[in-house]
Amino acid sequence: MAYFDAASAEPITAAARTALLEALDDGWADPSRLHLEGRRARLMLDQARERVAGVLRCRADEIAFTSSGTQAVHLAVLGAAHLRSRRGPGHIVVSAVEHSSVLNAAAFAEQAGNTVTIAGVGADARVDVAGFTEAIRRDKTVLACLQSANHEVGTLQPVEEVAQECKAAGVPLLVDAAASAGREALPAGWSLLTASAHKWGGPPGVGVLAIRKAVRWRSPLPADGREAYRVPGFPNLPAIVSAAVALEAFEAGRDHAGVELRSLTSQIRDQLQQLVPDCVVHGDRALSLPHIVTFSCLYIDGEALVIELAKAGFSVSSGSACASDSQQPSHVLAAMGAITHGNVRVSLPRGTAHQDITAFIDVLPGIVSRLRGDGHTAARRSAAARAPASAADLPGPGTTTGGEQ
Amino acid sequence: MTPQQAGTPGHAPALRIDALGLKCPIPIIMLAERIGEVSVGHVVEVLADDPAAKADVPAWCGLKSHEFVGSAQLADVPGWALYVRRSY
């Protein structure tokens with residue numbers, strides 16, 4: 001069995017597990033209390049904050065812990081939009097390939113009266129710097145949002161170039177670093193940054209919201225004193241301690257793991273295109289996260305492909321509509337103009353064995369070929385079932401939007 | 001307004017593929033199997049209501065070097081008419 005879905009959750013590291021168990025024994029008390037147990041918990045929380053700040057290269061008091069990466073993003077976006085609401089509606093710029101938490105938070109802010117511009121990407125999922133920065137309006141834009149790297153295809157975004165433009169315009173930049181934290185050097189120039197511990201081998205249920213000192217931001221939620229009034233609710237201290245240990249360890253092993261994982265994903269990249277006809281590998285080979293390779297096999301149902309790979313012992317994810325809860329195709333693939341069906345994301349956890357990659361490459365062409373046979377049979381059956389209907393019975397086109405994509 | 005009036009396909013579609021109610025990849029398989037039935041330069045109309053088809057028909061055209069002419073929202077039912085010109 002081989003787990004190839006590290007971009008959804010990296011397996012918890014041994015160090016993080018040990019830290020979690022120890023912190024359950026020592027860190028259960030309320031860190032805001034002045035008694036012995038509370039002060040011990042406070043100390044652990046402060047140390048965790050220092051460790052995370054060290055990796056993110058910011059001040060400890062700029063770090064707040066949340067219950068997930070998604071919560072961190074929601075607070076970041078709505079805290080910036082909310083602040084503006086007193087001065088009339090604001091404007092938010094997001095890239096088309098942001099994580100759904102960013103797009104959904106922006107849509108939420110839009111319902112509250114803000115306007116949102118979605119900046120497009122190229123076929124490699126990279127935002128066009130000129131297009132992104134042209135969308136920024138000096139007096140109106142309250143927040144620009146650009147991920148450090150794309151979570152589905154691994155493409156690194158030109159954050160530092162965009163950050164310079166944002167700085168010049170006086171607009172805060174939110175960098176969702178969930179896909180890359182602990183894996184790549186974080187770009188400089190962010191105003192707010194979000195990340196999630198289960199992506200770096202920490203436990204689930206810990207997110208990070210970092211807000212630079214000079215950035216204007218106010219919680220959009222009812223007042224609560226936790227995390228310096230940024231995140232409401234009693235913090236999950238054992239998980240936070242474990243997350244901080246995991247991040248330091250993950251960051252320390254970054255360069256070594258990056259070289260190893262990139263060699264494995266490159267092998268998949270090269271061989272797939274030789275061994276599987278009509279297979280498209282997405283994203284950029286060099287300007288991408290080392291552990292992710294995403295591809296689409298034409299004429300195949302993505303859900304069936306994920307299930308067949310699981311039966312063969314490989315755990316992968318898919319951006320195809322049939323494999324999603326919403327039955328919508330991946331907005332990332334659609335924004336790239338890429339094929340959305342037959343899609344597979346392989347994201348390798350650290351320590352993936354070379355033989356697992358070889359086994360994956362051995363098994364995939366046969367599965368694809370078998371599923372293509374099934375697909376052609378199903379298509380012929382569907383076509384035959386509706387053959388008697390005459391063309392005149394079919395609905396015609398209505399309003400024309402020629403050239404729309 | 002018809003697509004012809006909007007100037008999208010150069011002439012009426014030579015073939016209509018009804019993929020309404022069918023999920024991807026079936027509409028794309030049907031398109032790939034049947035585009036050879038029209039002459040080079042002629043247009044195939046694909047009717048589909050799976051959102052994936054709306055993204056995948058243009059993407060398939062890009063990969064296979066056929067021309068994606070445009071799309072139109074269907075009037076009576078949810079879905080789209082997607083126009084593809086056979087290039088070779």
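**Figure 1. Burial and overall dimensions of chain A.** In this predicted model, 50% of the 405 residues of chain A count as buried. The chain holds twelve helices and 13 strands. Its radius of gyration is 23 Å, close to the 22 Å given by the globule rule for 405 residues, so chain A is as compact as a globular protein of that length. The C-alpha trace spans about 80 × 50 × 35 Å along its principal axes. Among contacts in chain A with a separation of 6 or more, 71% come from residues 24 or more positions apart.

**Figure 2. The two domains of chain A and their contact.** The domain assignment places residues 13-251 in domain 1 and residues 254-380 in domain 2. Taken over C-alpha atoms, the centres of these two domains of chain A are separated by 29 Å. Domain 1 contributes 22 residues to the contact, and domain 2 contributes 18 residues. On the side of domain 1 that touches domain 2, ten residues are nonpolar, six are polar and six are charged.

**Figure 3. Helix α1 of chain A.** Helix α1 of chain A covers residues 14-26, which makes 13 residues. From its first C-alpha to its last it reaches 19 Å, close to the expected 18 Å.

Technical notes. Residues numbered from 1 in each chain as written. Chains lettered and ligands numbered in written order. Predicted model: local features only at pLDDT ≥ 70, side-chain atom pairs only at ≥ 80, totals over all residues. Helix = DSSP H or I, 4+ residues; strand = E, 2+ residues; numbered from the N terminus. Expected span 1.5 Å × (residues − 1). Domains from an automatic or database assignment. Contact = placed C-beta atoms within 7 Å. Nonpolar A, V, L, I, M, F, W, Y, C, P; charged D, E, K, R; others polar. Rg over C-alpha atoms; globule rule 2.2 N^0.38 Å. Buried ≥ 20, exposed ≤ 12 C-beta atoms within 10 Å, placed from the backbone.
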